[in-house]
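Dear colleague,

I am passing on the structure that we spoke about, and my notes come after it. Please look through the model before you read them.

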Amino acid sequence: MPPQRVFALPRQKSLFLPAIINPFVQDTELSKAAVIKCVLLGIFLVPLRAILMSLVLMVTWPVSVIITFRYPLKGAVEPMTGWRRFMCRSVMAALGRAYYFCMGFRVVVKGKQVGSSEAPILAVAPHSTFFDGIVCVVAGLPSTVSRVENLATPIFGRFLRCLQPVLVSRKDPDSRKNTIQEIESRAKSGGRWPQVLIFPEGTCTNRSCLITFKQGAFIPGVPVQPVLIRYPNTLDTVTWTWQGFSLKTLLLLTLCQLYTTVEIEFMPVHVPTEEEKKSPALFASRVRETMAKALGVPVTDHTYEDCRLMISAGELTLPMEAGLVEFTKISRKLHLKWDNVRKELEGFASMASDCRGGRITIEEFARFLKLPVNPALEELFELFDRNGDGTIDFREYVIGVTILCRPANTEEVLRMAFKLFDTDEDEKITHEEFTALMRSALGVSDLNTTKLFKEIDADGSGFITFGEFQAFASSHPEYAKLFTTYLELQRYQAIQEVTPGDLELAGQTSSGEKQEDSNSDKKDD
């Protein structure tokens, strides 16, 4: 058999696809029988429940006004004591239970909640719906983390004040730092403050997995009590994610059910080790693993930033799920910030805007690069296509550009490429020089490079300077890797023609080295 060229494929195990591709989609389908049942029950249940809920609210609002009357929300706030705290933890909690009961919720509580002196923080997951507020009611109305804007919400804003929430402001650049400091202050108050209840995922999912836990609840380094929440119902009418039913639809569907079961389980307290106290990320990861194991679901490295990328993908006319990259993992492994990934999404969209499902085939890849399909391009495409399905999605594109293309886009490589094009060494590339090398490199005698040449020739002077060549390569990093791939193929073919026997031996050696590299990579992961 002819010897096969061996080239290293960057296939780190830690960058493999997650167990759950999209945890932000609600794909419940209502059968005709379910719709008919909802309509028949809804005729009686919705009006009745609306009346009962209104009655509870009419009682709850004046109670909350009394509790918060002339009590400051900002500045040097002290925890509620005496009659205020009693009314909040007893009367308001009872009214909260009555409100959820009127909506048809049947609450099942497992485990035992500990006090604030034993576990100052409650970490609740998975967070999947606006109905999750029921955990706060069951836990005796502990403090929560909330946006300042929520306090201005009619009626419910007054209820929120009773919790003395840790306030987050989008307008304040120091808000994140101040929020963490306030959480830490309350967590280390020795029981003066009630427990702080936090949803560490930071956004709603479909409960198919646990996404990345934000570190806010774990920075204080105090004991945390994990709290699990489940909705074991035949018909899912509660999940409120980025793709799926609207808030009004879910509320109406839930009110149309005879009852909706919710299970709340208080797990044993997780006391951090000295190592976990020094590393909030490790602390958060271990608590998440414990909760995921109890739930029987996998963990993924998705986060709220993935949701922002989903929205950006939709704005760029791509399928929303195209923006899902497991941002936590990608940013950590590839040292990328959100703005960098968003910029790459724009580049990907320019390729994939006309593709079905937001995935690029090799023909579309070649069309974007204004080149025909050829061996060098096929090899580059295979390097991008990590799962070998014959297409490139956005996640593969980001990894490929970062690992393969940008490292090859150095000034040294660009200088070498420029000299190969500039055959007469006059520091500029003419259209004839450009066409001759491209035809030779790609093995296409009738290749038309006019469009590509004009795109590189930014000032329309009729020739390409090194500055224009470098600027184009910076915004189109795929060409740099394509060029180095071409050079590797040329070297391989030259060696094969001269010493085919030696090449077989070299191929075996390379294979051995590749195996060692692969093993080493797995160890690193």
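The model is predicted, so local features need pLDDT of at least 70 and side-chain atom pairs count only at pLDDT 80 or more, while totals for chains, interfaces and linings use all residues. Residues are numbered from 1 along each chain as its sequence is written, and side-chain values use heavy atoms, with hydrogens and water left out.

An open sheet of mixed pairing is formed by 7 strands in the order 1-7-6-2-5-3-4, where strands are DSSP runs of E of at least two residues and helices runs of H or I of at least four, numbered from the N terminus, and two strands pair if DSSP finds at least two bridges between them. Strand 1 (105-111) and strand 4 (166-168) are the edge strands, each pairing on one side only. Strand 3 (residues 143-147) runs parallel to strand 4 and is joined to it by 3 bridges, with arginine 147 opposite valine 168.

The axes of helix 1 (residues 32-68) and helix 6 (residues 247-255) come within 8 Å and cross at roughly 100 degrees; axes are lines fitted to C-alpha atoms, for helices over the stretch in contact, and angles run from 0 to 180 degrees between N-to-C directions. The two helices, helix 1 and helix 6, are therefore roughly perpendicular, a term that covers 65 to 115 degrees.

Best regards

Notes. Parallel < 35°, antiparallel > 145°, perpendicular 65-115°, else oblique.
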